[in-house]
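Reader: I have the fold open beside me and would like to go through it with you. Could we start with how the strands pair up?
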Amino acid sequence: MTIIRRQGFVKGFEDGGMGFWDRFDGDYESLFDRDPMYWEALDMMLELSGDLAGKRALDLGCGAGVFLSRLAEAFPNAELYGVDPSKKMVRRCERRLGHSARVRILRGSALRIPLPDEHVHAVLSNLALHHVPPPERPACAREIARVLRPGGRLVYADLFCDVEGPPEDPDRCRDIIQKMVGKSLYDLDHGAYRTMLLHLGDIPAVLTEDGEYFTTDRVWREAFREAGIERLEVKPVPPEEFGYRIITGIKAWTEEV
Ligand SMILES: C[S@@+](CC[C@H](N)C(=O)[O-])C[C@H]1O[C@@H](n2cnc3c(N)ncnc32)[C@H](O)[C@@H]1O
């Protein structure tokens, strides 16, 4: 049974992990079904998003639209956008949510978000921005700040490591291996067999930075701060040791001249 096909992944693909997710031919919708951390992260993100009633929110790297449908349920009169570079994911998301007039699903990347300046009250993202290559992180943070209204909220959940360094740095490798093997064993303990295979299969790609660019939350916080997002905070998704964390921040109000 082939569930995840890692081979054929193109190093340096323009849109990071899009190449892999565009080739992913398993059932994404049930991939995280048995992974309690995934659902805990979505619950936390929902809470950290604040009251989005009557507001506009973007799920960046929305995938098959799992979080987007939770947002649509929680805020029946919010205007929602899902953006993802993968054709396949966009198609899945459309199947799930395309019938709704107040949800728009668009093909695009975190490096070129197809929305006007200051359009949304919140940018939310789960497990997607680690596909952005390291030199592009500052531009990605600026792009997120561009589409956020002043005072708008960022809620960014992802897997982070705790050691900065080049791919071959032994301390960085050890940290990543411990976190990903730990998470895989956690998946196994929770009957999340397919999630376990995904995480184990991802280890070489993360270690060699082949479309999966883990870094510390400090690096991302710095990029967001420089892009004009302030009040940055980090919350771990329990259990903490696997590096699943949520960065929140608020787009600064600019001085009137
Ligand atoms: C693990 S899935 C996460 C999907 C969804 N956010 C969720 O929580 O289920 C990673 C997603 O990131 C998307 N992605 C890859 N590169 C991206 C980029 N440059 N900008 C935005 N999304 C990207 C992929 O297409 C894929 O849908």
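Author: Let us begin with one pair, bearing in mind that this is a predicted model: strand E1, residues 56-60, and strand E2, residues 79-84, run in the parallel sense and are joined over 5 bridges.

Reader: And which residue in E2 is the bridge partner of arginine 56?
Author: The partner of arginine 56 there is glutamate 79.

Reader: What order do the strands take in the sheet?
Author: The sheet is open and holds 7 strands, which follow one another as E3-E2-E1-E4-E5-E7-E6, with mixed pairing.

Reader: Which strands stand at the edges, and why is one side of each left without a neighbour?
Author: Those are E3 (103-107) and E6 (229-236); each has a single partner strand, so one of its sides has no neighbour in the sheet. On average, and ignoring direction, neighbouring strands are turned by 15° against each other.

Reader: OK, helices now. Which strands does H5 lie across?
Author: Helix H5, residues 137-147, lies across E1, E4 (120-126), E5 (148-159), E6 and E7 (244-251), and runs at about 140° to E5. Helix H8, residues 217-226, also packs on the sheet, where it touches E5, E6 and E7, and its direction makes about 160° with that of E6.

Conventions
Residues numbered from 1 in each chain as written. Predicted model: local features only at pLDDT ≥ 70, side-chain atom pairs only at ≥ 80, totals over all residues. Pairing = 2+ DSSP bridges. Helix = DSSP H or I, 4+ residues; strand = E, 2+ residues; numbered from the N terminus. Axes fitted to C-alpha atoms, helices over the stretch in contact; angles between N-to-C directions. Contact = placed C-beta atoms within 7 Å.
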